Amino acid sequence: MKIGILGTGDVGKTLGKAFVALGHEVKMGSRDAKNDKALAWAKETGPKASAGTFADAAAFGDIVVLATLGIANESALTMAGCDRFRGKVVIDTTNPLDFSKGVPPTLAVSGHDSAGERVQILLPEARVVKAFNTVGSLHMFRPDFPGGPPDMFICGNDAEAKKQVAGILKDFGWGVIDSGGIESSRYLEAMCLVWVLHAFSSTPPTWNHAFKVLMK
Ligand SMILES: NC(=O)c1ccc[n+]([C@@H]2O[C@H](COP(=O)([O-])OP(=O)(O)OC[C@H]3O[C@@H](n4cnc5c(N)ncnc54)[C@H](OP(=O)(O)O)[C@@H]3O)[C@@H](O)[C@H]2O)c1
């Protein structure tokens with residue numbers, strides 16, 4: 001499959017490398033086609049990896065991963081060209097974190113709104129699935145915890161898209177918890193803060209935790 005990744009940060013790099021490891025072709029997009037981080041990532045990741053603009057990555061992907069600074073999603077998607085996402089599954093990994101008052105951050109969008117819903121509104125013909133936003137990038141691929149595979153919470157309005165993303169998550173080594181429609185992003189983005197607040201509960205902060213739901 002062809003995967004477009006919008007984002008040159010730790011999430012874009014980690015997920016991009018993981019998709020390549022599983023045999024997919026990946027194009028990483030940025031504001032600048034000559035972004036150093038994207039070019040270095042592509043060189044290091046091998047022949048199935050390439051780099052370009054946000055628009056190039058959106059056009060390339062059968063599936064597109066949104067891994068941009070959460071409060072810049074609108075700007076990144078506008079640069080990518082919202083038409084390029086028509087009919088595609090978009091995996092939204094973002095959290096609208098506000099670091100203006102330092103760490104830990106707060107949510108710039110919350111209550112009866114969320115980044116996930118805003119992405120779906122900006123891309124009305126895309127099938128947006130929130131995923132990967134409740135764990136640090138270190139553990140996104142093949143998470144290895146003593147308590148067994150952790151669970152990734154997902155949400156979105158399109159059942160078929162969620163099924164496809166659940167399959168990807170299973171290939172990545174995750175259990176999957178379907179949390180409903182895209183409006184559940186309000187809660188999954190808040191869960192990111194629970195994850196972050198736990199990180200900052202230790203000195204130095206710890207990043208080695210993930211959520212798991214116990215079933216009976
Ligand atoms: N880091 C983690 O462990 C983690 C875990 C779970 C979820 N998340 C979420 O995943 C997303 C990506 O996180 P990250 O740490 O990998 O990277 P990040 O530093 O949050 O975002 C980097 C990306 O955002 C783009 N960007 C920044 N400002 C922009 C603007 N004004 N307009 C358009 N694009 C802009 C950058 O573009 P350029 O490439 O052009 O510089 C870059 O591609 C975030 O929403 C974050 O909350 C992060």
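Biologist: In this predicted model, what is the order of the eight strands that form the open sheet?

Modeller: The eight strands follow the order E3-E2-E1-E4-E5-E8-E9-E10, and their pairing is mixed.

Biologist: Why do strand E3 and strand E10 count as edges?

Modeller: Strand E3 (49–53) and strand E10 (175–178) each have a single partner strand, so one side of each is left without a neighbour in the sheet. On average, neighbouring strands of this sheet are turned by 25° against each other, with direction ignored.

Biologist: Why are helix H4 and helix H5 called roughly parallel?

Modeller: The axes of H4 (residues 73–80) and H5 (residues 115–122) come within 10 Å and cross at roughly 25°. Angles under 35 degrees count as roughly parallel, and H4 and H5 are therefore roughly parallel to each other. Their crossing is right-handed.

Biologist: Which residues make the contact of H4 with H5?

Modeller: H4 contributes Asn73, Glu74 and Leu77, while H5 contributes Ala115, Arg118, Val119 and Leu122. By class, this contact has four nonpolar, one polar and two charged residues.

Biologist: How many residues surround the ligand, and which are the closest?

Modeller: The ligand is surrounded by 24 residues, of which the closest are Gly9, Val11, Ser30, Arg31 and Thr94. Helix H1 (10–21) and H4 each supply at least two residues of this shell, and H1 gives the most, with three residues. The shell has six nonpolar, 15 polar and three charged residues.

Biologist: How do you know that the peptide bond joining Val103 and Pro104 is cis?

Modeller: The value to consult is omega, which is about -10° for this cis bond. Pro104 is found in the loop between strand E6 (97–98) and strand E7 (106–107). The peptide bond from Thr203 to Pro204 is also cis, with omega near -5°, and Pro204 lies in the segment after helix H7 (185–199).

Biologist: What makes the phi of Phe132 worth noting?

Modeller: Most residues other than glycine have a negative phi, and most peptide bonds are trans. Phe132 is a residue other than glycine, and its phi has a positive value, near 65°. Phe132 is placed in the loop between strand E8 (127–130) and strand E9 (151–156).

Key. Residues numbered from 1 in each chain as written. Predicted model: local features only at pLDDT ≥ 70, side-chain atom pairs only at ≥ 80, totals over all residues. Axes fitted to C-alpha atoms, helices over the stretch in contact; angles between N-to-C directions. Helix = DSSP H or I, 4+ residues; strand = E, 2+ residues; numbered from the N terminus. Parallel < 35°, antiparallel > 145°, perpendicular 65-115°, else oblique. Left-handed = near helix turned anticlockwise from the far one by under 90°. Contact = placed C-beta atoms within 7 Å. Nonpolar A, V, L, I, M, F, W, Y, C, P; charged D, E, K, R; others polar. Near = placed C-beta within 6 Å. Pairing = 2+ DSSP bridges.
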